[in-house]
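This report is meant for a reader who is meeting the structure for the first time. Please keep the sequence and the model at hand while reading the sections that follow.

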Amino acid sequence: MPANTPWPPRYPRDFVPSEDSEYWDKELETMSPEQRDPIILEKLRSQIAYAHRNSRFYQDFYRDVSVDPSDIRSFEELAQLPILTKEDIRQEQEKHPPYGRFLCIPEEQVFRVHGTSGTTGRPTVFGIGGDDWIRIAEAHARILWSAGLRPRDSVMVASVFSLYVGSWGALVGAERLGAACFPFGSGAPGQTERAAEWAAMLKPTALYATPSYAMYLAEVAKSMGLDPRKDFDFRFMFFSGEPGASVPATRKQIEETYDCYIVDMGSMAEMTPWMSNSGCRHLDRGMHLWLDLVYTEMVDPQSHIPIPLGSEGVPVYTHTERTSQPMIRYWSGDVARWDMVDCPCGRTYPTLPLGIYGRTDDMIIVRGQNIFPSRIEDILRSMKEFGGEFRLVLERDSGQMDRLTIQTEVEASSYANREHDPAALKPLREQIAGEIRRAIGVGVAVELKPPGEFERTQFKARRIIDLRT
Ligand SMILES: [Zn+2]
């Protein structure tokens, strides 16, 4: 893309690659990073100049910066712009409801309104214009193609259709690609039983959900006498919203349960096209960073300075083709390591090889050790006695010492007849405590629970119970 390519980009709406093509846009996806960087930089320059010109918020936000927001010339200059946080959006939208002064198009041109549910404070609102919605569909189609989706497939979207943009993002991408879309939804009483019935009847070939939901659906299906390997026909599943799709034991369990492969995806709702972090059909776990669609910097959690490949930090995202409510240098609060990997797909994007394995705010600090729940999940799920769910209970004893207790379900056969005999369960309890202590570096207490003890989640699992105050 030469320097004077029009921005925002317009894509031909009827283009679909040939069925056997590995790529939607071979040149862009496989060129060397050195060749791609000027293309990305040009998009960023246009994006930031546009936002600065049209948004009163960014005019104020960039008042004292040392670079010219209307002419960003390098990634180093980009990194001089302040980081935008969820709290900034909340405050701005509180002062200037409903969108804040982020909106760069007339309000009557808003085509979709999405947002976050606001479980932890004031909800945030995203106004998305019609052209942006088309570009989101295009980006998601391109990425779903890399995940292996083809027009002959049918996609069951088994997540809630609401303000939550995840389901809609999956739907529009699959539609644009030309697959058959089956927007089943989730969350209503009895809906998972019906999902199992429909999946057995209609035999969709791809599933979009959360990893927790895929496991729940399998449990429900089995309780109805269905065999997820035989009665369903899922060829692959793509997930977002939880780290599980890059947690090896979780991944393996779902792949074996359904006889399918899994693709991990997802940045943040605010950053839709949220699939710009995505694995492909070849990548064993982790996600490629499709930088030309959403530019991702990895920064140090404290200093916010960009970190080199190979290190762990926090993704900070910038839209590259958003005209309605662009987010520039948006702080994710997630934790990941980035690197270049040789993926058999041949794409040349940097990759988060372990996916997003935690959040700066769900990282538990126990006696000075940083612990991500996904690490504990990996250990539990790799044990054959594991019963399907667990909780992490954090307490502080009178000596001000943190105590971590893992409450884990164990399989009925490991539990039955022994529940009234604590000594009989002791070896298993000690084995689990030992493996977790070796992995995370701190001693834990383990409580064994019968299968079914904990509520199954249909959305994002909340597994940490922090009783420290
Ligand atoms: Zn790949």
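## Helices H8 and H9

In helix H8, Thr192, Glu193, Ala195 and Ala196 meet Tyr213, Tyr216, Leu217, Val220 and Ala221 of helix H9, where contact means heavy atoms within 4.5 Å. Sorted by class, this contact of H8 with H9 has seven nonpolar, one polar and one charged residues; Ala, Val, Leu, Ile, Met, Phe, Trp, Tyr, Cys and Pro count as nonpolar, Asp, Glu, Lys and Arg as charged, and the others, Gly among them, as polar. The axes of H8 (residues 191–202) and H9 (residues 211–223) come within 9 Å and cross at roughly 80 degrees, and the two helices are therefore roughly perpendicular to each other.

Axes here are lines fitted to C-alpha atoms, for helices over the stretch in contact, with angles running from 0 to 180 degrees between N-to-C directions. Angles under 35 degrees count as roughly parallel, over 145 as roughly antiparallel, 65 to 115 as roughly perpendicular and the rest as oblique. Helices (H or I, at least four residues) and strands (E, at least two) are DSSP runs, numbered from the N terminus.

## Basis of the model

The model is predicted, so that local features need pLDDT of at least 70 and side-chain atom pairs count only at pLDDT 80 or more, while totals for chains, interfaces and linings use all residues. Residues are numbered from 1 along each chain as its sequence is written, and side-chain values use heavy atoms, with hydrogens and water left out.

## Helices H10 and H11

Helix H10 (residues 248–258) packs against H11 at an angle of about 50 degrees, with the axes 7 Å apart, which makes H10 oblique to H11. Pro248, Ala249, Thr250 and Gln253 of H10 make this contact with Glu377, Asp378 and Arg381 of H11.

Helix H11 (residues 373–381) is mostly covered, since eight of its nine residues are buried, that is, under 20% relative accessible area, as against exposed at over 50% and partly exposed in between (1.4 Å probe, protein chains only). Arg381, with a relative accessible area of 8%, is buried, and among the residues that Arg381 touches, not counting those up to four places away in sequence, are Met215, Phe386 and Arg463.

## The zinc site

Cys280 (SG), His288 (NE2), Cys343 (SG) and Cys345 (SG) coordinate the zinc ion at 2.1 to 2.3 Å; donors are N, O and S atoms within 2.8 Å of the metal (3.2 Å for Na, K and Ca), and water is not among the atoms, so sites may look incomplete. The site is tetrahedral, with angles of 101 to 117 degrees among the four donor atoms, a label given to four donors if all angles lie between 85 and 135 degrees.

Notes:
Tetrahedral: all angles 85-135°; square planar, octahedral: opposite > 155°, others 65-115°.
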